[in-house]
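Here are my notes for your first read-through. Keep the viewer open and check each point as you go.

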Amino acid sequence: YLKEFSRPAVSVYYRRDYVVGFPYWRKHGLRTEQELAASADVVLANSSLFGRQLEAFNSNVHVINTGVDLELYNAGQQRPRPVDLTTISFPIIGFTGALLASRLDLKLLEALLERLPAFNFVFVGPQDNAFAQSALHGHRNAFFLGKKEPEELPTYIQYFDVCINPQVMNPITDGNYPLKIDEYLAMGKPVVATSTHTMRDVFGAHTHLATGVAEYVDAIGQAVTECNDPMLKQARIDFAHTHSWGHSVAKIYKAIEAYEGNSN
């Protein structure tokens with residue numbers, strides 16, 4: 001009833017993530033999200049898959065994606081190697097972000113650690129209970145460096161050879177827009193990620209996409225050979241720069257202005 005009570009000039013519903021995929025929001029969320037989307041003047045979606053789903057409730061849907069902080073994720077800035085990375089030898093396969101079993105594939109990671117013993121896997125971010133208690137911690141080539149401040153993350157990424165996003169496939173992840181991919185690419189890094197709808201739709205031309213252990217092993221092996229290729233590095237950076245926050249905000253304004261123009 002927010003629109004009814006507040007009577008805004010324009011009401012906007014924005015699906016940033018598929019939160020109704022989580023039990024906490026599922027009970028009422030499946031019904032109320034439909035009602036919110038149907039009542040909104042403008043509907044924004046963070047991926048084309050979300051957009052297609054929301055079109056069932058509202059015809060005025062706009063896909064905007066997410067922006068990346070290009071000033072922070074500046075590949076041209078040379079940063080000192082973090083102390084907790086100094087004892088870890090290359091090649092480093094890195095991940096930054098929350099380590100959540102609802103989003104990341106624990107079984108896949110376990111298999112990769114076993115199949116790629118010469119590669120060191122570095123995880124930068126807080127862990128949920130499933131990760132903290134997992135068998136990953138028993139592998140000599142797995143390193144968990146804990147949560148870091150957002151402004152520290154580019155420094156870690158700079159010293160990764162390859163960046164990964166080993167998502168588990170489910171309704172939460174398939175349409176999710178993984179901001180970390182833009183962050184990895186803005187730093188010029190080769191990326192290997194699970195082949196979700198959004199990864200294929202947005203990032204397919206600039207990343208290695210995989211499903212299953214064998215494809216991941218091959219993709220990581222290929223990506224490592226590309227980490228020092230200056231042309232590929234620049235192509236990744238250039239692509240990430242098309243996903244600035246300014247670009248995303250401009251899409252939002254354009255959607256609102258179009259609605260206002262059609263309403264007058």
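1. Helices here are DSSP runs of H or I, at least four residues, and strands are runs of E, at least two, numbered from the N terminus.

2. A word on the source. This is a predicted model, where local features need pLDDT of at least 70 and side-chain atom pairs count only at pLDDT 80 or more, while totals for chains, interfaces and linings use all residues. Residues are numbered from 1 along each chain as its sequence is written, and side-chain values use heavy atoms, leaving out hydrogens and water.

3. Now the other face. Helix 11 covers residues 230-240, and Arg-236, Ile-237, Phe-239 and Ala-240 are buried there; buried means under 20% relative accessible area, and partly exposed lies in between. They cover an arc of only 165° around the axis, so they lie on the same side of helix 11. The arc is taken from the directions from the helix axis to the C-beta atoms. Their cover includes helix 8 (179-186) and helix 9 (197-203).

4. What caps the N-terminal end of helix 11? Asp-229 does, with a side-chain oxygen 3.0 Å from the backbone nitrogen of Met-231.

5. Next, helix 10 (residues 213-225). Its 13 residues should span 18 Å, and its end C-alpha atoms are 19 Å apart, which agrees. The expected span is 1.5 Å times one less than the number of residues. Tyr-216, Val-217, Ala-219, Ile-220 and Ala-223 are buried in helix 10. Among the elements covering them are strand 4 (92-96), helix 4 (106-115) and strand 5 (120-124).

6. Which residues touch the most other members of the largest nonpolar core? Phe-121, Ile-164 and Ile-220 do, in a core of 52 residues. Helix 10 gives the largest share, five residues. A nonpolar core is a set of buried Ala, Val, Leu, Ile, Met, Phe, Trp, Tyr and Cys residues joined through side-chain atoms within 4.5 Å. A second, separate core of eleven residues includes Tyr-18, Val-20, Ala-45 and Val-61.

7. Last, a loop. His-139 lies between helix 5 (129-132) and strand 6 (142-146). His-139 is buried, with a relative accessible area of 18%. Its side chain makes a 2.9 Å polar contact with the side chain of Glu-110.

How values were computed:
Buried means under 20% relative accessible area, exposed over 50%, partly exposed in between (1.4 Å probe, protein chains only). Contact means heavy atoms within 4.5 Å. A polar contact is a pair of N or O atoms within 3.5 Å; within protein, one must be able to donate a hydrogen and the other to accept it, and residues adjacent in sequence count only if both atoms are side-chain atoms.
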